[in-house]
Every structure is written in structure tokens, then in C-alpha cells.
Amino acid sequence: MESRDGLMYNYEDFTWIPTISYRLCGFDVLDTPNKPRPLWMKLYHWACVCSHICCVCFMFRRIIERDTINNISLIMRYATLVTYVVNSDTKYGTSQQKQAFQRLNGKLAKLFPKSKQSKIDHRVDEYYWPRPTIVLIVVYYGSSAMVVLGPLLQSGYIYLMENRFSYVHCYPYYIFDPEQDPLWQYFLIYALEWLHSTLMVISNMSTDLWLVSFEVQICMHFDYIARSLENYKPNSTRDPKDRKFISQIVNRHNDLLELQEEINGIFGSSLLLSLLTTAGVFCTVAVYTQIQGLNLEGITYVVFMLTASSLVYLVCYYGEKVKSLSTYITNAAYNHNWSDAPPDYKKSLLIIIARAQRPAELTAMGYLPVSLDTFKQVMTVTYRVFALIRQMIE
């Protein structure tokens, strides 16, 4: 939908990307009785869930046995898998709060501007999904798919070059011997691994996309409030009009602060664990890639790591933007021409200033602000841990 053709984005245009993203594994956060998922989609989703449970059980079985984990490369690979599973399951658990998602989505949909002029005033087009973000999503899914498809492509290449099929698959916790095990078992293993990876990758991406989608709405409304307040010129002769304007601003500002708290309530508990496990994935992937060398698997892991770090940056960026825009409301209140305003207007203005002194923040577990400084800290800790692990191996 292009604004240059005179068309404006609607609220549903802001949520279609995370909605479609989750439907890639047959799941829908906004699943309502009025629009139920098709039966085939539900079955597909449960196939992903069951495959994921099966693979995780086999993974921990291998870890407990410890017989097959006999070198540094496998240790790093298992460490990567464990941290990624924890990260994915945490985000998948967050997505199960369907009623909270639906309630928050409904409130933001009501606040979304409806008329063309209102959409222009809110600068809706400027807050729509930017093209670099869409490219990031595509590359993330592409690199994740290549991690799973890589062994199959490798087996195909070996078959063409050496006329033998190597039966390589993605994860080390399924052991397949082509001389003893039946062929159908190899395809079953690959199907399980594919569905297992599908659930993990989509849970990682889609939950963060929903978070970004909600935060974009909050940013848009904070920006509109600040600009409206800064440009408004109250006058004592227009007391009813001024009183109506400032009361709407006060109510909207309060609504946005409450909505931000709802976002923190839904996503906050998973954000902290997500940041920690993401840092762990970066470290183990970096070490594993260095050990394996720059082959097909190494390249796909490097691309995956870069896109995963970009996703963390995206979340931290909008956390920073929410904070800065909510803080700017104080400046807008000070800077606009309030000297001629009636007393009631000035009292309401003080309420806005007092509330804006404590900016709205995206927080992890209610106390750790998620911002660009958080991203820098995660990357710094990741590099230090990576350097330490590399030194220990050497």
C-alpha cells in the first residue's frame, strides 16, 4: 500500500507482518472465535510443537549421556542449541498470553487515527514498517532456513561429486547410520528437525515483531501529542476550546503510559532472559564458527548471527525511541505558548509535565530499561565472553 497514490495505512497494515510471521508455524496470537484458524493450520502448529518437544528431549538425553559429546566443536554446538531453545521457548511462552495480546491490540486499534487528515497529522506513513526492517526479516528467515537446509545441500553436493549420499542432517542429537538404519528414519529425522527449527525461529522473530509493532504505535502517539502540544496556542478568550484540547491531551498521555505498562507486563519477563540467552547464542556461534572454519555451515551461522543481533538492535532502538519521545512531551509543554492560557489549562499542563518527568520505558522484568545502551552492554559482554572462551580453548 503506497501513500504516494493517496492511500493511507490502516492499523491492520501495522500488524500484518507479525501476524503472517507467526502463521508460518500455524499459530495466530490474535486467534479469536470469530476468525478461527483452519484445521490444517492447527494440525501443522501442533506438529511443530510435538517435533520441538521430541527434539528437545533427545537433546537433553544426549547431554545427560555425554557419550557423543566428545570434542570442543560439539560442546559449543550443544551450548548454542540449549541457549537458543531457552530463548525460543521463553518467547513462545510470551505469545501464549492471547487475551493480553488481544486486549492490548484492541486498545491500540481504537487509538489509531481513522480519518485521512488525522493520519496525516499522526504521520502514519513515516511510522510504517521501513524497508530495511522488512529486508532484515527476510534475511533472518533465509539464513535460519539455510542452517537447516545446509546439511541436505551438502549431502546433495557430495552425491553429485562422489556418487554417494552422506545422509547429513542438522542436529547432532539424532544419530543415523545408513548401513544399519532404514531410509525412512532419515527422512523422519529431517522432518522432525525442520519442524523443530521452524517453531524456534518463528517464535524468536515473531514475538519481537509483535513487540516492535506495539512500540511503533506508542511512539507515533507520543510524537503526535508532543507536536500538538508544542504548536497549540491557547487563549483566555477560548476557554472551553482550550479546556477540551488539554483534557484530551491529558487523557491520551495517561492512556499511553498505561499501555506501555501493559506492554512491559506482557513482554518484560521474557526480555531479560532473551537478552541473556541471545548474548550466549552469539558467543557460542562465534566460537563454533571459528572452530569449523569458513565453510557453508560457518557462513550461514555468521549471517544468522548478524541478523539475530540486528533483531536485538531493533527492539532496543524502539525502546530508546519510546523513552526519548515520551520525555520530549515535557519540552513541548514548556516550549509552547502557555502564558495566555486560563488557570485550568495551566493546571492540566502541570499534570502532563509531572507525568512526563518519569518517561515511559520498555523494561525487562520491570527494572532494566531496554535501550541502545542496553544493546551496547549486551554486545560488550558478548565480546568479552567470546574472547574468554576462545582463550580457554587455545
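**Helix packing and cavities**

Helix α1 (residues 11-23) packs against helix α8 (residues 183-231) at an angle of about 170°, and their axes lie 8 Å apart. Because angles over 145 degrees count as roughly antiparallel, α1 is roughly antiparallel to α8. The model described here is a predicted one.

**Contact between α1 and α8**

- On the α1 side, the contact is made by Tyr11, Phe14, Thr15, Ile17, Pro18, Thr19, Ser21 and Tyr22.
- Residues contributed by α8 include Ile202, Met205, Leu209, Trp210, Phe214 and Val216, together with Ser203, Ser206 and Gln217.
- By class, this contact of α1 with α8 has 11 nonpolar and eight polar residues, with no charged residues.

**Largest cavity**

- The count of cavities of 30 Å³ or more comes to four.
- The largest cavity holds about 170 Å³ of space.
- Among the residues that line the largest cavity are Thr80, Tyr84, Ser144, Tyr171, Ser197, Met200 and Phe304.
- Two or more residues of this lining come from each of α3 (72-95), α7 (131-162), α8 and α10 (296-335).
- The lining of the largest cavity divides into nine nonpolar, three polar and no charged residues.

**Second largest cavity**

- A volume of about 90 Å³ belongs to the second largest cavity.
- Its lining has 13 residues, and Tyr84, Asn87, Asn204, Thr278 and Ala308 lie nearest the centre of the cavity.
- At least two lining residues are supplied by each of α3, α8, α9 (239-292) and α10, and α10 gives the largest share, four residues.
- By class, the lining of the second largest cavity has eight nonpolar, three polar and two charged residues.

Key
Residues numbered from 1 in each chain as written. Predicted model: local features only at pLDDT ≥ 70, side-chain atom pairs only at ≥ 80, totals over all residues. Heavy atoms only, no water. Axes fitted to C-alpha atoms, helices over the stretch in contact; angles between N-to-C directions. Parallel < 35°, antiparallel > 145°, perpendicular 65-115°, else oblique. Contact = heavy atoms within 4.5 Å. Nonpolar A, V, L, I, M, F, W, Y, C, P; charged D, E, K, R; others polar. 1 Å grid on protein atoms, 1.4 Å probe; cavity = no way out; pocket = protein on both sides within 12 Å on 5 of 7 lines; lining within 4 Å. Points joined across faces, edges and corners; volume = space filled by probe spheres on them.
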